[in-house]
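Here are my notebook entries from an afternoon of looking things up.

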Number of protein chains: 2
Amino acid sequence: MSTQPRRTWLPFLNADIPAACDTPAKTAAFELELGCKTLGIEAPALQVMPDMGESYEIKDGVITGGERGVLYGVYAWLCAKAAGEEPPAGPQKPFYALRMLNCWDNADGTVERGYAGRSLWFEDGRLDWDGPRIRQLGRMLSSAGVNVLCVNNVNVRADAALLIEDEGLPELARLAAEFRRFGVRLMTSIEFSRPLAHGISTADPLDGEVQRFWRERADAVWAAIPDFAGFLVKADSEHRPGPFTYGRTHAEGANMLARAIKPHGGVLVWRAFVYNCMQDWRDTSTDRPKAAYETYAQLDGQFDDNVILQVKNGPFDFQVREPVSPTFYAMPNTRLALEVQLAQEYTGQQIDLYAMPPMWKELAQALPPETVSAVAAVSNLGRDDNYTGHPFAAVNLYGFGRFAWDPQSDPEAVTRRWARLSYRLPAAQEDALVDLLMHSREVYEKYTAPLGLCWMVNPHNHYGPNPSGYEYDLWGTYHKASRDAVGIDRTASGTGYLEQYPEALRAQYATPEACPDNLKLFFHRLRYDYRMADGRTLIQRIYDDHFEGCAAAEAMGEALKSLEIPEPDRAEALERMEKQIKNAREWRDVVNTFFHRLSGAEDEKGRKIYD
Amino acid sequence: MSTQPRRTWLPFLNADIPAACDTPAKTAAFELELGCKTLGIEAPALQVMPDMGESYEIKDGVITGGERGVLYGVYAWLCAKAAGEEPPAGPQKPFYALRMLNCWDNADGTVERGYAGRSLWFEDGRLDWDGPRIRQLGRMLSSAGVNVLCVNNVNVRADAALLIEDEGLPELARLAAEFRRFGVRLMTSIEFSRPLAHGISTADPLDGEVQRFWRERADAVWAAIPDFAGFLVKADSEHRPGPFTYGRTHAEGANMLARAIKPHGGVLVWRAFVYNCMQDWRDTSTDRPKAAYETYAQLDGQFDDNVILQVKNGPFDFQVREPVSPTFYAMPNTRLALEVQLAQEYTGQQIDLYAMPPMWKELAQALPPETVSAVAAVSNLGRDDNYTGHPFAAVNLYGFGRFAWDPQSDPEAVTRRWARLSYRLPAAQEDALVDLLMHSREVYEKYTAPLGLCWMVNPHNHYGPNPSGYEYDLWGTYHKASRDAVGIDRTASGTGYLEQYPEALRAQYATPEACPDNLKLFFHRLRYDYRMADGRTLIQRIYDDHFEGCAAAEAMGEALKSLEIPEPDRAEALERMEKQIKNAREWRDVVNTFFHRLSGAEDEKGRKIYD
């Protein structure tokens with residue numbers, strides 16, 4: 001593995017970090033000098049005040065900050081200068097102390113739901129990486145604001161479990177050192193049943209031998225990596241082992257691990273992604289979105305203070321549009337993390353454009369940022385030359401860091417900053433690119449899953465339309481479209497999912513009339529002749545959205561062609577745009593035909609719907 | 001690889017064939033002595049008359065036959081005696097000279113569409129087999145009547161191409177020697193583009209260098225294996241290379257190869273399985289069943305006399321029910337082979353019971369046996385202890401051999417012979433087992449695809465229901481079910497497929513009324529309220545068939561439990577029957593729900609159809 005780091009949003013940092021930079025403060029000094037030299041500007045002074053931690057302030061020609069804060073200050077100052085904007089004024093500190101990236105990298109070098117090539121640090125069952133590339137990534141993460149990197153897939157398979165054992169720890173410590181200089185700490189996903197692989201007859205969290213196993217493991221990990229961040233666990237989910245096997249609650253399971261790492265200051269991140277993935281489609285008493293709340297709300301207050309329960313933004317699984325998970329509102333006495341997904345599993349797989357900052361802004365509006373105490377994102381990184389598969393998908397990595405630092409940040413400003421740092425286009429072209437990105441999600445939503453009607457995707461790979469792909473499957477994701485109606489009634493008269501929300505929120509969704517259009521079919525089952533607020537029938541609205549969404553994708557293609565994006569990004573973006581347009585047409589025609597066959601309704605505008 | 005041969009339908013041949021038996025006649029003498037000893041009966045005399053070839057006659061206490069005929073005579077005599085029946089009277093000779101098994105075994109040891117474990121003769125890229133097991137298989141093939149074995153997948157991948165090259169030929173010759181003693185000759189699948197792998201810049205069949213390459217290969221193969229049977233080719237099909245790349249017809253491609261092997265007496269078997277596997281579902285001008293006829297009918301008379309065009313029984317691909325392929329009736333001046341599939345790709349995957357002899361009998365009734373000059377079956381063999389995955393799936397291997405020997409043989413008699421040789425049950429139990437097998441196909445058809453409505457299967461793996469699984473895919477297999485109607489009009493007013501049949505046959509299918517129920521939706525698009533001959537609506541018939549088919553599967557389960565099949569077959573059969581019943585229930589409920597959602601029609605008998 002050896003590839004030269006190439007252009008990211010930090011083109012002015014065009015030399016490798018020397019080995020001597022082994023702390024964030026030393027890195028800050030190096031980066032400042034390098035950046036100023038490239039940009040041809042004068043450098044401010046640096047002042048480290050250890051008590052400031054991750055905070056910094058830029059004032060009177062001095063960047064003052066903690067050991068890590070000063071590095072954030074340097075990146076903030078350099079990026080502002082490079083963009084021709086003003087550096088942030090006044091004291092700056094991150095809103096969330098934990099700003100985590102969850103990498104679903106497997107030890108064999110593949111990446112689960114990875115759309116940017118193979119793993120940047122795994123190959124052949126062990127850690128192996130290209131130094132300059134990893135250090136360029138460290139820069140990117142730090143300049144965005146990410147400070148924790150979980151290096152392996154939550155589905156821990158094969159050799160990934162060795163990372164925290166004697167075989168893997170020395171290399172893990174070396175990797176930790178690569179990132180430490182950027183203020184980024186490592187985390188690993190662990191397998192709940194790991195004691196069994198060591199001759200212990202159980203993984204029961206209340207068993208003394210199990211507890212001892214994990215304490216010894218924790219001692220070894222923190223001895224090798226004193227600033228290790230903690231462990232991430234996916235338990236009792238999609239056939240992963242967990243406490244349920246032993247008749248224990250998830251609080252008992254998480255707390256056992258949390259206590260093992262508590263003396264070292266580690267956090268135990270426990271994913272709340274638990275549901276019945278062997279559902280019988282005939283079973284209408286089970287409604288998958290209810291699962292996380294049903295498992296966890298009753299455990300509120302039972303988790304130790306170094307446990308963080310990581311909850312996906314919506315109750316399903318990273319669909320284009322979901323309501324905010326009700327679990328967030330139900331656990332005031334538990335530390336929660338919000339989990340979002342940069343990997344575009346259901347949102348275009350880094351082929352179709354899908355910039356996420358506007359989505360996170362909506363999320364922050366629906367969910368007061370103080371509800372959670374940490375944020376995590378499933379990574380979109382890989383070994384592709386541009387790190388993210390689609391060159392523009394980097395806006396999601398950058399944007400996530402900015403969102404994690406300040407959840408109230410303006411998505412358009414963040415997007416523009418990324419575009420300006422990356423490409424330096426003429427003003428009108430920059431406006432056009434920002435416009436393209438800012439609208440990319442609504443375009444994708446419109447041609448794939450408008451009205452909250454999700455899961456009409458191809459099973460397994462999750463790209464492209466398949467209206468009935470999951471309809472008779474085990475995954476609990478049904479729309480039950482019939483000749484008359486479509487959607488699931490999730491109100492009190494239906495599955496009761498809506499009852500999981502606090503009173504005030506319930507009213508927003510309780511009736512089809514009150515419910516916003518983009519979630520109507522998530523919460524309600526409606527007849528095709530249902531009249532939307534604007535007078536259109538539901539079926540006409542389905543047709544209109546798919547036609548308009550596809551036309552908008554085609555227009556994006558035209559807009560993209562007119563932009564003088566530097567190569568190779570331009571060629572890469574155009575090539576992917578061709579695929580996106582093909583995908584959009586497929587969505588338009590398949591979904592419209594599907595509903596036309598069901599409903600028999602003709603398009604009022606007489607557009608082509610295939611038989 | 002080493003497994004002891006275990007019980008097949010030849011339990012009285014319970015010792016390995018010695019190496020000295022290197023001709024069928026020597027094998028015949030050995031088998032006769034061994035069989036008579038086990039059965040405790042007196043042996044008839046054997047007389048070899050070389051001119052008789054594969055023929056034999058059993059008369060006046062003497063089995064007289066050609067070098068191979070005498071072996072068939074011995075097996076016929078022993079099987080009759082073991083079954084307590086009379087040996088065949090009068091001169092016996094096979095109806096087809098070529099009775100071929102096509103094994104889709106890959107060099108890596110996997111078997112494409114194999115449901116009986118790994119390959120019996122491939123592992124790690126090369127031939128490798130267990131002698132006693134292979135010799136037991138040789139017995140099985142010879143006793144059934146199969147005389148050609150194509151050892152590798154028609155999709156020639158990786159090292160399989162080496163079989164006929166210097167690396168692989170010595171081992172192939174050794175394998176040929178194993179089977180030669182049973183009168184079974186080998187064949188291999190070859191890759192049309194193979195010259196490219198040898199530094200030749202083209203595979204154009206009209207190129208002199210290409211022709212020389214194949215002549216040299218043929219010379220080498222027949223030098224190593226003088227009785228080699230020939231080559232099998234899948235060209236221009238499902239992304240395989242072929243003559244179309246060079247603007248040549250399939251006659252030009254096939255004849256070039258045929259001429260290379262002609263001096264050695266080999267046959268060139270060319271598969272007629274050519275269609276557009278990248279169809280746009282929106283394209284209604286293309287109808288996949290028309291493809292083979294469109295490609296080949298115009299080439300009638302252009303193939304050399306040692307070319308055999310191998311045509312699948314139906315125009316699609318081994319569905320439960322298809323009409324006979326019209327290509328058979330369109331090529332009177334071409335040698336044709338009929339291809340059937342023992343591997344239960346779409347017919348239960350050797351989990352669900354599906355005995356094929358009744359199906360072949362129907363085929364022989366629709367297609368005069370003299371229309372074709374050879375028969376081939378895709379193998380259902382594998383390394384499983386019982387050779388065929390399901391112990392009862394052996395009836396299809398045995399039955400195919402009997403069908404190939406005599407296409408007018410009585411399927412019930414063949415099934416009973418297999419059952420009696422294999423299990424020796426009390427008479428009433430034998431009747432019950434034969435009954436189970438004889439009806440197994442109609443039961444499977446009823447709960448999966450009654451009325452000729454095929455392809456409602458899970459994509460790729462082809463097991464289990466998925467009504468829309470292929471509906472918007474590239475494979476040309478659509479039913480276009482809407483709220484009002486289902487099926488494809490393939491008459492003159494539709495896709496015109498029916499026009500490919502001779503006048504006399506067309507009338508059988510031309511109108512919904514004339515068309516037999518089991519092909520109605522193959523040939524016609526019908527409204528759900530269409531009245532069948534018995535007065536039921538189409539939709540009621542769909543519901544009835546799926547309910548009744550599932551109930552019949554459940555009843556088969558009960559019947560099976562009552563049979564004293566010897567272990568381990570009983571346990572294996574019962575375990576698979578549980579899966580079959582689960583599968584039948586899934587088919588019943590998914591298909592009924594699918595059509596209920598579309599049509600809105602209630603079941604007249606008030607049975608449960610899920611929402």
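**Domains.** I began with the domain assignment of chain A, which gives domain 1 (24–83), domain 2 (98–423) and domain 3 (450–488 + 525–599); such bounds come from an automatic or database domain assignment. The centres of domain 2 and domain 3 of chain A, taken over C-alpha atoms, are separated by 29 Å. Their contact takes 23 residues from domain 2 of chain A and 23 residues from domain 3 of chain A; I call two residues in contact if their C-beta atoms, placed from the backbone, lie within 7 Å. The side of domain 2 of chain A that touches domain 3 of chain A has 12 nonpolar, 7 polar and 4 charged residues. For these classes, Ala, Val, Leu, Ile, Met, Phe, Trp, Tyr, Cys and Pro count as nonpolar, Asp, Glu, Lys and Arg as charged, and the others, Gly among them, as polar.

**Ground rules.** This is a predicted model, in which local features need pLDDT of at least 70, side-chain atom pairs count only at pLDDT 80 or more, and totals for chains, interfaces and linings use all residues. Residues are numbered from 1 along each chain as its sequence is written, while chains are lettered from A and ligands numbered from 1 in the order in which they are written.

**The two chains.** How is chain A laid on chain B? I noted a turn of 180° and a shift of 0.1 Å along the axis, with an RMSD of 0.0 Å. That is the relation of a two-fold axis. The superposition is by least squares on the C-alpha atoms of residues with pLDDT of at least 70 in both copies. The contact takes 16 residues from chain A and 16 residues from chain B, and the side of chain A that touches chain B has 5 nonpolar, 4 polar and 7 charged residues. I also saw that 100% of the interface residues of chain A are interface residues in chain B too, so the copies meet through the same surface.

**A helix pair in chain B.** Next I looked at helix α3 (residues 131–144) and helix α9 (residues 394–405) of chain B, which pack at an angle of about 40° with their axes 7 Å apart. That makes α3(B) oblique to α9(B); angles under 35 degrees count as roughly parallel, over 145 as roughly antiparallel, 65 to 115 as roughly perpendicular and the rest as oblique. Axes are lines fitted to C-alpha atoms, for helices over the stretch in contact, and angles run from 0 to 180 degrees between N-to-C directions. Helices (H or I, at least four residues) and strands (E, at least two) are DSSP runs, numbered from the N terminus. From α3(B), B:M140, B:L141 and B:A144 meet B:L397, B:Y398, B:F400, B:G401 and B:R402 in α9(B). These contact residues divide into 6 nonpolar, 1 polar and 1 charged.

Is A:D60 buried or exposed? A:D60 is exposed, with 8 other C-beta atoms within 10 Å; the cut-offs are 20 or more for buried, 12 or fewer for exposed, and partly exposed in between, with C-beta atoms placed from the backbone. A:D60 sits in the loop between β2 (56–59) and β3 (62–65) of chain A, and has a positive phi of about 55° although it is not a glycine.

I finished with A:P568, in the loop between α14 (538–561) and α15 (569–599) of chain A. The peptide bond from A:E567 to A:P568 is cis, with omega near 5°.
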